[in-house]
Amino acid sequence: MSDDFSARLNLPYLAAGQMQKHVTLNTALTRLDALLQTAVVSRTTAIQPADASDGDLYILPQEAEGAAWTGRPVGTLMRFEGGGWTAVTTSDGMIACVVDEGVVVVRADGGWVALGQRLGEVQGLARLGLGTTADEANPLAAKINAALITARGEEEGGDGDLRLTLNKATAGDVLSLLFQSGYAARAELGLIGDDDLGLKACDDAGTWRSVWRVDRATGRIGFDQGAVRRETTLFTSDDDYALPIWARWVEATCVGGGGGGGAGLAGAAGASRLGGGGGGAGGLSLARWSAEDLEGVLSVKVGAGGISGVSGGDSEVVTGDMVLLRATGGAAGGSGVGGAGGIGQRFANPGGSSSTTATATMGSETLCSDGPGGGGAGGGLSAADVAYAGGAGGVGGWSGLRAAGGVAGAAGQASPKPLLSIVGGGGGGGDASASGTGSPGGAGAHFGAGGGGGGAGLTFGGQGGSGASGAVLITVVG
């Protein structure tokens, strides 16, 4: 222990019998004024200020400049008083408030560090506000743009794990994370009034709906509003389809183009004259694949409908250079003979055939009961000029959502719900005429229906109706 200075603050002692005791006492008081409740003006001012006030304290930064500052070590505590500067001796552990920054620093290892770096424990706080003010309702409050909580590794004395434990008192209480937008609730995740993990969503009107819930006893998850995502696209022309990233399964339906009806024959009495055969319906094919087995883009080809006497085109779904699914177009109706249905996973509906002794047959509708209807045949003329009526077009989707076929040369009807059933009704066959031109056949309806055959005539046969174009329906499931 020194007989001249105090152990901690280095305050000079008054000696017995000392002359001018006031000098020593004033020196000690000056040091106390600097070291007690220390508040420094700045720790970043590098140039010695010319307008300092008595009592001002500065912590010197790197390369401080000035008559009294130059050459002094970084972190030196300088005091101004009576027109001069004095270096104040400081010891580790001294605390100072930096006024221009609003921070508190601690003297450590010859430098100054933030107070938080020296706090080993902070216990029993009633409130903590980070960037904002905590209150009674929110004793812990933070207004920040990012946060990080990371595990302490083994090299730092930890084990590398990190668990955040949130606990509530009873099953009927709430333990949750509440997500807000503009301070309006939008979602809540947690143990909400019971012990099953759940997620709820809130709309703009403040109505909460349960999204899903995990049964703690079985681990099974239940989706209150449903969880499967489906997206259906109907293609009526060639195109590419990029699979969405959420797709897990892909379902496809292909319908080939309908065949055009055949033209009716014509000629003078004395020979039988057949009406045109009805056009065959396009084929129908359905398939399902795992999305991960497919390339990212599917190429879709849609078969065109055939005009009078022309077969329909094929519809396909292709990935890369591999055809995944195909449905061929229906064949065109011939002279009195109905065109065959296209090739699909089942025999497609053919067109009806003409007769010179009875009403022409209707287009088929039950051979492929969920496919498009075949076109009805045109009516024929007997050798004695007896004219017969054309056959009706076959019903599209006979076994389900029906699309009616046309009658007396009228066009077939389209499906009332194309995304549920994409097949149409066949065109009606035209009636024969014993005095002029046979009636034209009706067009097949979208999609894939055959056109009706034209009726026979005395001078001209009726034109066959056009077959409907095909279609491709793709549904992705995620």
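Five strands form an open sheet in the order β10-β11-β12-β13-β14, and the pairing is antiparallel. Two strands count as paired if DSSP finds at least two bridges between them. Strands here are DSSP runs of E with at least two residues, and helices are runs of H or I with at least four residues, both numbered from the N terminus. The edge strands are β10 and β14 (221–223), and each of them pairs on one side only. From one strand to the next, the twist averages 20°. Such angles run from 0 to 180 degrees between N-to-C directions, with axes fitted as lines to C-alpha atoms, for helices over the stretch in contact.

The model is predicted: local features need pLDDT of at least 70, side-chain atom pairs count only at pLDDT 80 or more, and totals for chains, interfaces and linings use all residues. Residues are numbered from 1 along each chain as its sequence is written, and side-chain values use heavy atoms, with hydrogens and water left out.

Strands β10 and β11 run antiparallel and are joined by 8 bridges. Leu177 stands opposite Leu189 in β11. In general, strands of a sheet pair through backbone hydrogen bonds, either parallel or antiparallel.

Now follow the chain out of β10. A loop lies between β10 (174–181) and β11 (184–192), and Tyr183 sits in that loop. Tyr183 is not a glycine, yet its phi is positive, near 65°. Tyr183 is also exposed, with a relative accessible area of 78%. Exposed means over 50% relative accessible area, buried means under 20%, and partly exposed lies in between (1.4 Å probe, protein chains only).

Next comes another loop. Asp385 is found in the loop between β21 and β22. Asp385 has a positive phi of about 65°, although it is not a glycine. Its relative accessibility is 23%, so Asp385 counts as partly exposed.

Phe447 belongs to the loop between β21 (322–327) and β22 (471–477). A cis peptide bond joins His446 and Phe447, with omega about 10°.

Ala449 lies in the loop between β21 and β22 too. Is Ala449 buried or exposed? Ala449 is buried, at a relative accessible area of 0%. What does Ala449 touch, not counting residues up to four places away in sequence? Its contacts (heavy atoms within 4.5 Å) include Gly258, Pro372, Gly424 and Ala468. Gly341 is 108 residues from Ala449 along the chain, and their C-alpha atoms are separated by 9.6 Å.
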